[in-house]
Amino acid sequence: MQTIERDLVIIGGGPAGLAAAVSARKNGLDDILLIERDRILGGILNQCIHDGFGLHTFKQALTGPEYAQRFIDEFNRLGIDALLDTIVLSLDSNRTLTVSSKKGFIRIMARAVILAMGCRERTAGAISLPGTRPSGVYTAGAAQNFVNLQNIMIGKHVVILGSGDIGLIMARRMTLEGVKVEAVFELLPTPSGLARNVRQCLDDYGIPLFLSTSVFELHGKDRLTGVTVARVDDRFQMIPETRRLVPCDTLLLSVGLIPENELSLSAGVRLEPATSGASVDDRFMTNVPGVFSCGNVLHVHDLVDHVSEEAGLVGRCAVRYLKGEPAPEEAFIPVVPKADIRYVLPQTISGKEDVTISLRVTRPMRNAAVLVTDRDRKVARKKLVRLHPAEMIRIKVKAKDIETAEKLEVSVQC
Amino acid sequence: MLKKNLVCIVCPNGCDVEVLLEEGQKTEILAIDGCTCDKGKEWVAQELTRPMRTIASGIPVEDGDFKLVSVRTDAPIPLGKIFEVMAVIKEKRVTAPVAIGDILIPSPAGTDCNIIATRNVAFTG
Amino acid sequence: MENHYDVVVIGAGVVGNAIARELSKYAVSVAVLEKELDVAMGTSSRNSGVIHSGIHYKPGTLRARLNVQGNALMAGLCQDLKVKIDYIGKLTVAQDEEEVKSLYTLKDQGEANGVPGLEILDPGAMEKIQPRVGGIKALHSPSTGIICPYSLTIALAENARANGCRFYLGHEVTSIQKTGDRFDIRAGNKSFSAKILINSAGLYSDHVARMLGIDEYRIYPCRGEYLILDKRLKGTLNVLVYPAPHHGKAGLGIHLTNTVSGNILIGPSNEYQEDPEDYACTADIMAQLRREGHVLLPELKTTDFIRSFSGLRAKQTPPEIGGFKDFVIESREDVKGLINLIGIESPGLTSSPAIALMVRDMVTSLLPLTPKKEFNGARSGMTGHFYELSDEEKADLVAQDPDYGEVVCRCEQITKKEVLDAIQNPLGARTINGIKYRSRAMMGRCQGGFCLPRIVQILEKEFGYRPEDYYLKNLHSPLFSGNMRPDKTRV
């Protein structure tokens with residue numbers, strides 16, 4: 001079996017992998033190999049044909065394919081190597097990969113690896129949806145692939161479970177194509193997707209959004225014929241007297257994304273329960289030396305602009321590691337989520353450099369501040385008009401304020 | 001005097017906006033609260049008089065390496081015109097190659113926008 | 001008449017196919033009629049996939065005899081058919097002295113049935129076989145195994161097909177007449193005629209019997225629901241672990257079963273249904289299975305549940321009586337030429353090779369059977385999957401056939417070659433579920449979210465499928481409503 005050696009291998013050619021590769025090259029690294037399982041670069045952006053991407057990065061509302069193309073053009077201009085139609089089948093803690101494509105099954109030994117595999121959608125099985133197992137039940141992303149890439153319409157009369165952004169976008173997309181979208185049902189008391197998407201994808205087209213309501217049973221032995229929906233109480237238990245049957249032939253699920261970390265696990269990467277992604281330091285290195293993580297495989301983002309920015313930083317960190325810059329000392333400073341914070345990232349920092357902490361809150365709040373403290377000393381504070389679990393918040397912390405820190409605690413101050 | 005609540009759609013921040021206005025022959029905005037940028041204020045004024053939207057869709061391509069070329073409006077169109085524009089898009093067929101930015105349909109349904117390609121589609125024969 | 005056969009088998013489940021494959025060794029014409037568009041669509045694909053040892057059945061019963069005989073036959077059969085089987089063994093665990101007594105009863109019963117290698121183990125020995133198993137004593141039955149039940153059912157059919165047996169999928173039997181010494185059968189708007197009719201219609205076996213005026217049987221479908229767990233937990237279970245029989249105990253006797261593909265099943269529940277095709281999963285049972293799963297497997301996370309399914313047992317006992325009745329396998333005196341198989345519930349899968357031999361003997365007494373020289377019992381192809389091979393073997397295969405290099409299903413690491421083989425299966429089954437059962441694509445944690453769009457592309461590109469040609473399981477389960485933009489001449 002053929003074995004090759006590379007300095008940096010990037011797994012995944014979506015927005016994270018592309019930005020990491022471009023950044024690594026711009027930071028002076030020659031030997032970079034990006035591996036992408038699809039026949040084209042760009043990842044999930046290829047099927048996200050709606051606009052709204054790139055407002056931060058390019059100050060323009062681009063569609064997914066356009067946004068991806070800017071990075072692909074840059075990637076190609078820099079002459080970075082990519083293996084397309086190629087899948088990584090395994091990764092171990094010594095950064096040895098096995099890789100398969102029509103051209104052969106080979107082994108690659110990498111000095112550094114950037115994990116950029118993205119995420120997958122939660123399924124009907126994952127949420128244990130009761131009822132029959134008919135055709136016509138799709139995750140919103142799979143539906144988006146059929147409609148936007150394959151010119152296939154998946155049904156005529158649609159119900160959407162979950163108010164994640166992909167579900168909202170698909171509600172509008174299918175309505176524009178003449179499909180009847182009956183309603184969107186959301187288990188939580190607030191929408192999971194961005195407020196602007198509720199406005200421009202549902203409200204504009206008169207598609208109702210029912211909050212604190214969920215689908216409790218699928219009907220139809222062959223093709224879906226309907227779903228039973230009901231309201232839930234504040235412990236998410238069904239309120240039986242609110243049960244009703246909603247006839248439909250298609251159910252789209254937009255009930256969450258899960259970082260695709262199977263390769264990471266096989267390499268011994270430690271995952272954080274709160275993000276389902278790797279636990280990383282402020283150089284985005286995992287507990288496995290030389291293995292970095294960025295983008296949706298690290299934590300699910302709501303904006304691709306943030307993915308690109310994060311991945312760009314990770315590309316630079318990987319180059320610094322490869323150039324033999326001394327690893328930060330063992331004694332890392334933990335960053336810990338406190339009141340009203342669901343997760344923080346990175347989970348440990350060196351205290352020697354400025355760092356941007358990414359976080360999500362547990363519940364919607366207004367006019368509050370995110371506070372970073374070290375032993376009750378204020379390190380950073382960011383005031384926000386609106387805080388929402390659907391929106392990632394980022395707060396900058398200066399090196400000079402954390403040099404002597406022991407533990408950073410992040411909380412919301414109302 | 002009338003109070004209206006809007007969600008700004010200019011950017012992902014999705015600001016909650018409260019507007020005080022006088023509805024007469026011409027809508028007059030008395031106060032805007034909640035906008036965090038100037039673009040948002042412009043959008044609010046527009047939204048109250050003549051709401052505008054962008055849309056995206058796909059057009060079948062012959063002889064290309066993709067079955068569909070994704071497209072969008074290159075400028076906002078009136079909300080009420082969306083389905084008319086979609087009807088024009090639905091009729092359209094193109095042949096590869098297509099490049100990002102190519103105008104595939106100029107001013108559909110009499111609007112001040114073009115339908116432009118948002119994906120490169122190579123000719124495959 | 002065109003569709004004239006010596007033997008017609010009704011029902012392409014594991015039992016019907018095992019019989020068809022057994023008869024394909026002889027110079028007789030055999031046809032299998034199946035109402036679904038594929039084999040293994042009923043109970044045969046919807047069970048625990050356990051090859052039982054035979055400790056649970058009363059000595060002298062058909063179930064006891066056929067189970068032990070079937071268990072012994074299964075190893076060779078699987079080798080011939082290239083079906084993966086793993087005799088991992090089973091611990092039946094006692095928690096108190098009362099239950100220990102029942103272990104000895106089971107052991108005596110098993111030995112009377114001829115079950116090999118039974119041993120009562122103390123905690124030290126139990127712990128060696130399965131760490132943290134708990135309990136004070138256990139009965140170890142080393143001949144208990146696991147198998148993929150639909151892989152076996154499909155393999156039996158393919159091998160029967162290769163040896164001349166005809167399969168009519170999508171042919172539901174609607175009427176049967178006995179005319180002289182032949183049966184005239186209507187199925188799927190075709191007429192068939194047979195000298196011998198074998199009723200292995202499973203959940204519908206009573207219904208088929210009634211078509212010939214036999215009213216004495218009634219099948220009571222009894223549903224068992226399961227949850228399938230992520231492969232992440234592979235390795236937490238070395239053997240099957242069952243609780244000892246205990247009459248006073250409440251609960252459903254839910255347990256964990258490992259599968260040959262590395263998943264773990266939680267289940268099954270036990271609830272009678274009216275409808276022999278009600279494969280729904282219910283909120284209450286699913287919640288209960290989840291709860292029990294967390295108790296039985298402390299490392300279980302909520303993200304480990306990847307799918308649920310249910311199957312129906314073809315029970316002969318009504319809910320108010322419960323329990324079990326012995327298999328009915330009979331050559332009817334009143335309707336000569338009819339062989340009935342009624343109530344083949346557990347251990348039907350294990351017993352299937354032995355049932356096939358028993359039915360062959362019944363056929364022999366009606367119609368002399370001459371062995372066929374050209375019979376080839378070995379199935380071509382690979383046992384198991386690409387992902388189970390070593391790196392070197394994988395590299396060699398990809399070098400031989402580049403379609404092995406393209407991984408279509410990322411969760412299960414199923415290659416394009418395996419998907420193509422599944423699409424081009426010898427039985428001509430073309431449903432999405434058929435591709436899934438044969439290749440394992442779409443069976444992983446993303447449940448087809450990633451690979452279904454790719455499989456759709458393969459079917460379109462290489463087999464000319466249009467959007468309206470895709471079906472999940474039958475002609476009433478289309479995947480799509482059509483093209484988003486219909487074809488039309490370009491502008």
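In the predicted model, 28 residue pairs with both members at pLDDT 80 or more are in polar contact between chain A and chain C. The elements of chain A that each give two or more residues to the side touching chain C are the strands β6 (87-91), β7 (96-101), β8 (104-115), β10 (137-139) and β11 (152-153), together with the helix α3 (140-149). Of the elements, α3(A) gives the most to this side, with 4 residues. By class, the side of chain A that touches chain C consists of 16 nonpolar, 15 polar and 14 charged residues.

Charged pairs also occur across this interface, where 9 salt bridges are found between chain A and chain C. One of the salt bridges joins the side chains of Lys221(A) and Asp275(C), with an N to O distance of 2.4 Å.

Strand pairing links the two chains as well. Strand β11(A) pairs with β23 of chain C (residues 482-483) in the antiparallel sense, over 2 bridges. Within this pairing, Met153(A) lies opposite Gly482(C) of β23(C).

In terms of extent, the contact involves 45 residues of chain A and 52 residues of chain C. The size of an interface is often expressed as the accessible area lost when the parts come together. For chain A and chain C the buried area is about 4200 Å², with carbon and sulfur atoms giving 53% of it. On the side of chain A, the residues that lose the most area to chain C are Lys102(A), Arg133(A) and Asn151(A), which together account for 16% of what that side buries.

Terms used: Residues are numbered from 1 along each chain as its sequence is written. Chains are lettered from A and ligands numbered from 1 in the order in which they are written. This is a predicted model: local features need pLDDT of at least 70, side-chain atom pairs count only at pLDDT 80 or more; totals for chains, interfaces and linings use all residues. Side-chain values use heavy atoms; hydrogens and water are left out. Contact means heavy atoms within 4.5 Å. Buried area is the accessible area (1.4 Å probe) that two parts lose on being put together, summed over both. A salt bridge is a side-chain nitrogen of Lys or Arg within 4 Å of a carboxyl oxygen of Asp or Glu. A polar contact is a pair of N or O atoms within 3.5 Å; within protein, one must be able to donate a hydrogen and the other to accept it, and residues adjacent in sequence count only if both atoms are side-chain atoms. Ala, Val, Leu, Ile, Met, Phe, Trp, Tyr, Cys and Pro count as nonpolar, Asp, Glu, Lys and Arg as charged, and the others, Gly among them, as polar. Two strands pair if DSSP finds at least two bridges between them.
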